[in-house]
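Here is a brief report on selected local features. Please keep the structure open while reading.

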Amino acid sequence: MSEENKKVEEEVANTPETTQEAAAESAAETKSETVEEAPAKEEAPEVVEESTEFDWDEFEYGIASKGKAQREELTKLYEESLTSIDEHTITEGKVINMTDREAIVDIGYKSEGVISLNEFRYNPDLKVGDQVEVLVDKTEDKEGQLVLSHRKARSIKAWDRVNEAHDNEEVVKGYIKCRTKGGMIVDVFGIEAFLPGSQIDVKPIRDYDAYVDKNMEFKIVKINHEFKNVVVSHKALIEADLEEQKREIIGKLEKGQVLEGVVKNITSYGVFIDLGGVDGLIHITDLSWSRINHPSEVVELDQTLNVVILDFDEDKTRIQLGLKQLEAHPWDNLDSELKEGDKVKGKVVVLADYGAFVEIIPGVEGLIHVSEMSWSTHLRSAQDFMKVGDEVEAVILTLDREERKMSLGIKQLSTDPWTDITTKYPVGSKHEGAVRNFTNFGVFVELEEGIDGLIHISDLSWTKKIKHPSEFTSVGAKLEVVVLDIDVENRRLSLGHKQVEDNPFETYATLLEEGSVIEGKVLRKVDKGAEIVFENLGVEAFVPSRHMVKEDGSEVAADERIDFKIIEFNPDARRVVASHTELHKQVKADKQKADRVQAKKAVKVINSNVERSTLGDLDALSKLKEQMEDDEKNG
């Protein structure tokens, strides 16, 4: 075999299978040419000498010049058969193989791409042969590998698909990625959408974590294009079917019908019952004949029970159910012998300001109004007498079996203190009581439970001028009182406090006569004068401003003790007016009077000795007379 034939065979051996046939033909032609040109071997060196370029492909791959041309033609044909694609474009590819972590995708390019299965978590049914959308990140990385991304391709086209699905009300598949506040995060077409907790199912969800890592069908219910927010609902897919199912069930309902249901949800106001496709509500008042604080005291979740239909609304598909109605009414079990005036025992179940509800037997209650808790006319709150849970005894005041109402009283268990009021508290008798409260016009004093009396503000003190009872006493204080009047029919008692002591205006009438001088203490100064008190007598008086001037021209000061003259005394009006100024005015007047008397005596002496008078004596007498006339004018 010649050297050239060996090169052809090596070319065939190194040529890809797709071009081996062409290479074989080329080798055959080369052989025939070699045979024909064999006699001219000696001219070969001249051909080599004529070659001006060194063929590196021939040197490296062992391919003859003519074989190289054939190879280039075949390479061109092969490249033309490949798909031409640009980077960052979206195209479809076919999954040709899958491993535990990756999917091999063929897009018709000279090499395949590898995509992590994490990008297909939303589609656990992915298999070989499936067509998927991919984004060409790079046609070749540093290792010559095609780089594809399914997630990016989905994200780019996701908004178009989301809007199209929303507009056409299509059902879409999504993968629940995780739980978040108020709901779940769902991967829909590669976009993270929000699934509210209320939109997961028509039934209340107790365990949200059970839905994580699940694929479900959803309906896109809301899109915010500005913030690219998507809200989906699984509940909306089944509501349409349920609505029709509800109407069908409600169409067969009748009031009074008894159905079996399952406790679906418990709230503070009632219980929702699943009747097999439609929900009904048992209000808390229809759960038990007895009072309950919360429905959980009677039923529990997933409990199966019989309920009766009380009412329903076909338009709004609302059903009102009852549970207690399946039992006999407790009032039917009430002792038929009970009547008004009988004593009963029960437990306090509810307290309000106006009274207490007492349960006589389960489901039968009576009301004790606060006015029936004490004989006192001073109303208080029911909490002052009892608390929830107390066992109490009461008297039946009214009993209406048809209306199923009962009123009770506990004050009737004791004697009405007003039955012997005139004997126990006769007019004029003295007692001690506690101040309950006071108003602008007086003070209410409790002598005993149920016996209250009023002390009018004018009967609090003989001497003090009281503008409001709070100036005189306080709530809870003990006061001695005298019974002034009794109105048995209206249960009113008039009391007095000042009557406990004698009237000082009568006792000290002689000491308080006009003109009397008594030491007093200035209590306070007011607009038109001052208020003083005669401490020894316990009587207050008023001093006008013009009567507060001292002899030196200054005014009497507060808390100062000084003598005062009584210038007005009215025992009926309990009015005493005093003056300090009148004291030094009186002293001056008395002195002037004494001087006048002395002058008159002197005149008489002079007149009796007139014969012995001298001119000088007459002058002295004349001066004395003038002085007396001046004193009279000034006096």
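## Phe218 and the nonpolar cores

Beyond its neighbours within four places in sequence, Phe218 is in contact (heavy atoms within 4.5 Å) with Glu170, Val171, Val172, Gly174, Ile176, Val186, Leu195, Val232, Ser233, His234 and Leu237. Phe218 is also among the residues with the most contacts inside the largest nonpolar core, along with Ile220, Val230 and Val232. That core has 22 residues. A nonpolar core is a set of buried Ala, Val, Leu, Ile, Met, Phe, Trp, Tyr and Cys residues joined through side-chain atoms within 4.5 Å. Elements giving two or more residues to this core include α6 (150–167), β6 (171–180) and β9 (215–224). A second, separate core has 21 residues, among them Val344 and Ile360.

This is a predicted model: local features need pLDDT of at least 70, side-chain atom pairs count only at pLDDT 80 or more, and totals for chains, interfaces and linings use all residues. Residues are numbered from 1 along each chain as its sequence is written, and side-chain values use heavy atoms, leaving out hydrogens and water.

## Thr581

Thr581 lies in helix α10 (residues 581–608). Its relative accessibility is 6%, so Thr581 counts as buried (under 20% relative accessible area, 1.4 Å probe, protein chains only). The Thr581 side chain reaches the backbone oxygen of Val549 at 2.9 Å.

## The barrel

Five strands form a closed barrel, in the order β21-β22-β23-β25-β24, with mixed pairing. Strands pair if DSSP finds at least two bridges between them. β21 (residues 430–438) and β24 (residues 478–487) run antiparallel, joined by five bridges. Ala434 stands opposite Lys478 in β24.

Conventions:
Buried means under 20% relative accessible area, exposed over 50%, partly exposed in between (1.4 Å probe, protein chains only). Helices (H or I, at least four residues) and strands (E, at least two) are DSSP runs, numbered from the N terminus. A polar contact is a pair of N or O atoms within 3.5 Å; within protein, one must be able to donate a hydrogen and the other to accept it, and residues adjacent in sequence count only if both atoms are side-chain atoms.
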